[in-house]
Every structure is written in C-alpha cells, then in structure tokens.
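The following note sets out some points on the model, for use alongside the sequence and the coordinates.

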Amino acid sequence: MSRAGCTLLWLGMTAAVAAALPGAAGAKPAAGRAAESIRQIALSQDKITQFLAARPPLEAILAGVPAGAAAPDPGLLRRLNDTARKNGFADYADYEAVATNIVWILTGIDPLSKKYVGVQAVTKLEVADLLGDKTLSLKQHKQLLEALHMQMLSAGPVKYAANVPLVIKFYDKLLAADAKN
C-alpha cells in the first residue's frame with residue numbers, strides 16, 4: 001500500500017467518527033480536530049487490543065447514523081458508551097482518545113519501511129506522492145492536500161515514546177482492521 005493510501009485510510013476513520021457525532025463529547029469537525037495538537041496519552045498493549053476488539057461493533061453502530069445529523073441521539077451515545085465499556089474502556093470518549101493516539105502514531109510510520117519517522121516526514125512524502133499522481137481529479141487533489149495540510153498542523157513531538165514500538169508491534173493488525181472497514 002502506498003504512503004498516501006495508508007494515511008488516507010486512517011484520516012477517513014477519524015473523519016467518519018467526527019462527522020457521525022457532531023457535538024458529542026470529544027467530537028469536533030474533522031478539520032478543526034486535525035488543526036489542534038493531539039492530546040497524547042500513554043498507550044498499553046491492553047488498550048490497543050481493546051481498541052481492536054471494540055472497533056467493529058462501534059463502527060457497526062456508527063454505520064447506522066444518518067449523514068449530516070445535527071445532534072447526536074442520546075440513545076446512540078448510550079449504545080456507544082455501553083459497547084466501549086463492554087470492551088474495557090471507561091466510555092466512548094476513552095475509546096476515542098485511544099483511537100486518536102493510535103492513528104496519530106500510525107500517521108508517523110512510513111508504511112514502506114514500517115519505521116516511525118514522524119508525522120511531518122511522512123506527510124511530506126505523501127504530498128510528493130500525491131502531486132505525482134495523475135489519476136486523481138483536480139478536486140480530489142485539492143481535498144487530499146487539504147487533509148494532508150491539516151495533518152501537518154497537528155504534528156508535534158511524541159510525548160510517550162513507548163507508544164511508538166507498541167503501535168509498530170500491532171501495525172499489521174491495525175491496518176488489516178481498517179482495511180476491512
């Protein structure tokens with residue numbers, strides 16, 4: 001998979017969650033979220049395993065949300081919180097914090113070498129790949145460049161260095177889980 005393809009899968013995941021839950025705790029428009037610095041948390045092997053287990057049922061719940069919903073349905077939030085709790089999270093916001101941190105570390109991994117080189121370095125490579133891609137329309141190029149720009153703005157140093165080898169350890173499983181969705 002290309003660098004851009006890998007990151008775009010993960011950008012899609014975070015954007016889908018933000019779009020599905022406008023106004024939910026922790027949910028912000030995708031562009032606004034990407035422009036902010038990521039609130040980093042320490043990850044553990046258990047949290048990543050719980051994330052992998054919780055993701056399919058949570059995605060199934062989110063798939064039923066009508067596009068463009070003005071406010072989250074309290075029943076939807078209750079189902080999301082219950083499902084997250086069944087998978088070891090305090091609530092859906094806890095799951096989302098873990099997901100955001102996993103995605104952020106993944107965004108800094110070069111998918112060709114599977115080494116962490118940082119979000120800025122990978123994003124620069126992705127921009128170069130994107131600019132050389134003649135199969136995309138001008139509109140697609142613009143949308144993808146905007147997403148990569150927002151990704152660049154969110155880049156910062158890794159606060160919890162132990163998160164990097166953990167995410168790399170689960171890299172293939174995380175990528176496979178996202179490809180299914």
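Which residues in α4 meet which residues in α5?

1. Leu-80, Asn-81 and Ala-84 in α4 meet Tyr-92, Ala-93 and Tyr-95 in α5, where contact means heavy atoms within 4.5 Å. The residues of this contact comprise five nonpolar, one polar and no charged. In this division, Ala, Val, Leu, Ile, Met, Phe, Trp, Tyr, Cys and Pro count as nonpolar, Asp, Glu, Lys and Arg as charged, and the others, Gly among them, as polar.

2. This is a predicted model, in which local features need pLDDT of at least 70 and side-chain atom pairs count only at pLDDT 80 or more, while totals for chains, interfaces and linings use all residues. Residues are numbered from 1 along each chain as its sequence is written, and side-chain values use heavy atoms, with hydrogens and water left out.

3. The protein chain has nine helices and two strands; helices (H or I, at least four residues) and strands (E, at least two) are DSSP runs, numbered from the N terminus. Their order from the N terminus is α-α-α-α-α-β-β-α-α-α-α.

4. Helix α4 spans residues 74-86 and packs against α5 at an angle of about 65°, with the axes 7 Å apart. The axes are lines fitted to C-alpha atoms, for helices over the stretch in contact, and angles run from 0 to 180 degrees between N-to-C directions. The two helices α4 and α5 are therefore roughly perpendicular to each other, a term that covers 65 to 115 degrees.

5. Thr-100 lies in helix α5, residues 92-107. Thr-100 is buried, at a relative accessible area of 18%; buried means under 20% relative accessible area (1.4 Å probe, protein chains only). A polar atom of the Thr-100 side chain lies 2.8 Å from the backbone oxygen of Glu-96.

6. Ala-54 belongs to helix α3, residues 45-63, and counts as buried at 0% relative accessibility. Leaving aside residues up to four places away in sequence, Ala-54 touches Asn-87, Phe-89 and Tyr-95. Tyr-95 is also among the α5 residues that meet α4. The C-alpha atoms of Ala-54 and Gly-88 are separated by 8.5 Å, with the two residues 34 apart along the chain.

7. For the protein chain as a whole, 43% of the 181 residues count as buried. Among contacts between residues at least 6 apart in sequence, 74% join residues at least 24 apart. The chain exposes about 9200 Å², of which carbon and sulfur atoms supply 61%; accessible areas come from the Shrake-Rupley method with a 1.4 Å probe.

Methods:
Buried means under 20% relative accessible area, exposed over 50%, partly exposed in between (1.4 Å probe, protein chains only). A polar contact is a pair of N or O atoms within 3.5 Å; within protein, one must be able to donate a hydrogen and the other to accept it, and residues adjacent in sequence count only if both atoms are side-chain atoms. Angles under 35 degrees count as roughly parallel, over 145 as roughly antiparallel, 65 to 115 as roughly perpendicular and the rest as oblique.
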